[in-house]
Amino acid sequence: MTDTLAHPLVRDYLSSVEALTAALPELHRRELLADLREHIEVALADADHLDGDGVRGVLDQLGAPGEIAAAALAEEPGDDRPVPESGGRTAVTVALIAVPLPAALVPVIGAPLGLAAAVVGLVRLWKSPQWSRREKREATLLALSPVLVLPVVAAVLSVVLGGLSARTVTIALLVTLALPVVAAARLVRSAARLR
């Protein structure tokens with residue numbers, strides 16, 4: 001009976017539903033997926049053909065993964081449900097999250113430019129309906145963490161490498177540059193799941 005769930009079409013279908021319902025509470029999502037698996041097993045056991053067309057027919061009767069996810073998300077109480085934004089708006093917000101530290105390295109205007117980018121990026125992030133509060137908190141911490149992490153990494157590297165030098169500061173900057181980039185990558189991945 002479990003072999004029917006191993007069919008590539010079924011696995012792809014369930015994976016799509018799982019990805020599209022990432023914003024649901026974990027228990028609700030597990031229950032939804034368990035119900036779908038059970039329904040698919042029963043339907044495939046009653047199906048005349050278990051070839052690609054037969055499996056596709058069973059999945060079509062359930063509805064598209066996007067429809068199932070939308071219905072499940074609509075059942076969730078509260079106004080904290082992620083709502084997709086345009087790709088352009090998402091790109092600008094994510095770029096503003098990733099760019100402050102590199103922008104701060106520009107001579108003379110770098111510091112105010114980086115600070116302005118960080119403030120605007122974080123305001124856009126927190127006003128956006130497409131990311132959950134948890135995702136916003138994580139992105140904010142990662143985006144602001146270079147302020148605290150850079151001196152610590154520079155101090156550790158200066159001890160390890162025998163003193164504070166341009167090389168030490170450069171390595172510390174490269175290490176801490178990764179943190180806002182990680183935040184931006186996670187936001188992009190999360191936004192892509194909604195589309």
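Mentor: The covering over the buried residues of α3 includes α1 and α2. This is a predicted model, and the helix in question runs over 52-62. Its buried residues are G54, V55, V58 and L59. Viewed down the axis of α3, these buried residues fall within an arc of 130°, so they line one face of the helix. The other side of α3 has D53, D60 and Q61, which are exposed. After α3 comes G63, with a positive phi near 110°.

Now to the surroundings. In soluble globular proteins, nonpolar side chains tend to be buried together. Here the largest nonpolar core has 18 residues, and those touching the most other members are V10, Y13, L14, V17, L32, L36 and I40. At least two residues of this core come from each of α1 (8-20), α2 (26-46), α3 (52-62) and α4 (65-75). The biggest contribution, six residues, is that of α2.

Y13 links several of these parts. Apart from its neighbours within four places in sequence, Y13 contacts I40, L59, L62, G63, A64, P65 and I68. L59 in that list is one of the buried residues of α3, and G63 is the residue with positive phi that follows the helix. Y13 itself is among the core members that touch the most others.

Methods. Residues numbered from 1 in each chain as written. Predicted model: local features only at pLDDT ≥ 70, side-chain atom pairs only at ≥ 80, totals over all residues. Heavy atoms only, no water. Core = buried A, V, L, I, M, F, W, Y, C linked by side-chain atoms within 4.5 Å. Buried < 20%, exposed > 50% of the residue type's maximum accessible area, 1.4 Å probe, protein only. Helix = DSSP H or I, 4+ residues; strand = E, 2+ residues; numbered from the N terminus. Contact = heavy atoms within 4.5 Å. Arc of directions from axis to C-beta.
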